[in-house]
Amino acid sequence: FVPVRNGFGQIAFVGVVASGGTVAPERLRSHVKPPWSAKTPRDAVRRILHTPYDEYDEQGALERFQLEYGKEIGGAEYFAMNEAQRDTWFLQETKAFLVANPALSAQLAIANIEVFVRLIGGSFGVMVCLLAALGGVLGIRKPAVLIIALWVGTFVGPFLLAICYYGRYRAPVEPLLVVLAVFAVWRVVSDISGCTRKPAPHPSS
């Protein structure tokens, strides 16, 4: 048996607990605090996405804070954990922060999703995602479209907590977003055409 991790606990902690700590450090359980501060959740998320990545930028600083947090709160138990167990531990800390700080967590979730939406290319990404959402709603009674919409929702959901650092995080679902967006355009055009098309004259007339 080889314990493995997907890394979600670690990046969710940075996207929620560490990011929230830059805005409201008094809400953290630890005495150690993030090494930099932000005015708003949106500002925090944007600063974390600073590139190029190195250990001295905002993201790297929060990852160092994460380690210090684990050492302080987890204590001897944290030092005895393997990597998979630590990932699970950070996810539990994230869940506890979400429950204790719902309003702040909701603001961070909005900021995280905004990053996911805009990653494809600014306003174009916003348009594609809005059309994809519309396509999912319009196709709710079509099994094929519904399956795609649920697939997309399942993929996007975790990014309410985790920050979409790189394009490769979003790339697997982009084709499905485009399919839903195209379906939405087709459905709207079809409905408009149906409303404007004149009825054929009755044979008796």
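Let me start with the packing of H1 against H4, whose axes, in this predicted model, come within 8 Å and cross at roughly 35 degrees. H1 contributes Phe8, Gly9, Gln10, Ala12, Phe13, Val16, Val17 and Gly20 to the contact, and H4 meets them with Asp87, Phe90, Leu91, Glu93, Thr94, Phe97 and Leu98. As for handedness, H1 passes H4 in a left-handed crossing.

Is Asp87 buried or exposed? With a relative accessibility of 7%, Asp87 counts as buried, because the cut-off for that term is under 20%. A polar atom of the Asp87 side chain lies 2.9 Å from the backbone nitrogen of Gln10, and Gln10 is itself among the H1 residues that make the contact with H4.

Turning now to helix H2, residues 41-48, the buried residues there are Pro41, Ala44, Val45 and Ile48. Viewed down the axis of H2, these buried residues fall within an arc of 95 degrees, and therefore they line one face of the helix. Their cover includes helix H1 (8-23), helix H3 (58-80) and helix H5 (102-118).

Finally, the nonpolar core. The largest one has 46 residues, and those with the most contacts inside it are Phe13, Trp36, Val152 and Leu177. Two or more residues come from each of H1, H2, H3, H4, H5, helix H6 (123-138), helix H7 (143-156) and helix H9 (174-196). If we take Val152 and leave aside its neighbours within four places in sequence, we find it in contact with Val173, Leu176, Leu177 and Leu180.

Notes:
Residues are numbered from 1 along each chain as its sequence is written. This is a predicted model: local features need pLDDT of at least 70, side-chain atom pairs count only at pLDDT 80 or more; totals for chains, interfaces and linings use all residues. Side-chain values use heavy atoms; hydrogens and water are left out. Buried means under 20% relative accessible area, exposed over 50%, partly exposed in between (1.4 Å probe, protein chains only). A polar contact is a pair of N or O atoms within 3.5 Å; within protein, one must be able to donate a hydrogen and the other to accept it, and residues adjacent in sequence count only if both atoms are side-chain atoms. Helices (H or I, at least four residues) and strands (E, at least two) are DSSP runs, numbered from the N terminus. The arc is that of the directions from the helix axis to the C-beta atoms. Contact means heavy atoms within 4.5 Å. A nonpolar core is a set of buried Ala, Val, Leu, Ile, Met, Phe, Trp, Tyr and Cys residues joined through side-chain atoms within 4.5 Å. Axes are lines fitted to C-alpha atoms, for helices over the stretch in contact, and angles run from 0 to 180 degrees between N-to-C directions. A crossing is left-handed if the near helix is turned anticlockwise from the far one by less than a right angle, and right-handed if clockwise.
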